[in-house]
Amino acid sequence: QVQLVESGGGLVQTGGSLRLSCAASGSRFSINAMGWYRQAPGKQRELVARITSGGGTNYADSVKGRFTISRDNAKNTWYLQMNSLKPEDTAVYYCNAQYRITLGTTRDYWGQGTQVTVSS
């Protein structure tokens, strides 16, 4: 059974930093891509950052230059370093793992979510 365990959320002041971690376990399949999404109250879940097994990354425009996604393949763990945080970054952050089941099939799993609150 796949488990994604997140850690690192919390309360921080504007301009501060936080680092989120997500550790995956329980699957014999390889992870095709790892990502972070967030959902603020009353809004849809949105992509924050994503990194593929090949190392390619993409970021939401709103976080470019402030957030960095990285991974440790050996540990099946990925991170989101968030700097220069703004109140509009306040949301529940979810990690996502896209497993490759076959050449043409992937399956997504989600972490439980961690609250990030940025005070003004």
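Trainee: In β8, which residue is the bridge partner of Thr 68?

Mentor: The bridge partner of Thr 68 in β8 is Gln 81. The model is predicted, so local features need pLDDT of at least 70 and side-chain atom pairs count only at pLDDT 80 or more, while totals for chains, interfaces and linings use all residues. Residues are numbered from 1 along each chain as its sequence is written, and side-chain values use heavy atoms, with hydrogens and water left out.

β7 and β8 pair in the antiparallel sense over 6 bridges; two strands pair if DSSP finds at least two bridges between them, and strands are DSSP runs (E, at least two residues) numbered from the N terminus. Both strands belong to an open sheet of 4 strands, in the order β1-β3-β8-β7, with antiparallel pairing. Its edge strands are β1 (3-7) and β7, each pairing on one side only. Direction ignored, neighbouring strands of this sheet are turned by 15° against each other on average; axes are lines fitted to C-alpha atoms, and angles run from 0 to 180 degrees between N-to-C directions.

Strand β3 contains Ser 21. Ser 21 is buried, with a relative accessible area of 16%, where buried means under 20% relative accessible area, exposed over 50% and partly exposed in between (1.4 Å probe, protein chains only). Beyond its neighbours within four places in sequence, Ser 21 is in contact with residues including Glu 6, Trp 36 and Trp 78; contact means heavy atoms within 4.5 Å.

The largest nonpolar core has 29 residues, and Trp 36, Trp 78, Leu 80, Met 82 and Tyr 93 touch the most other members. Such a core is a set of buried Ala, Val, Leu, Ile, Met, Phe, Trp, Tyr and Cys residues joined through side-chain atoms within 4.5 Å. Strands that each supply at least two residues of this core include β3 (18-25), β7 (67-72), β8 (77-82) and β9 (91-102). β9 gives the most, with 5 residues.

β9 has several partners. β4 and β9 pair in the antiparallel sense over 9 bridges, and Trp 36 stands opposite Cys 95 in β9. β9 also runs antiparallel to β11, joined by 3 bridges, with Tyr 93 opposite Thr 114 in β11. Strand β10 (residues 105-110) runs antiparallel to β9 and is joined to β9 by 6 bridges; there, Ala 97 stands opposite Tyr 109. β9 and β10 form a hairpin with 2 residues between them.
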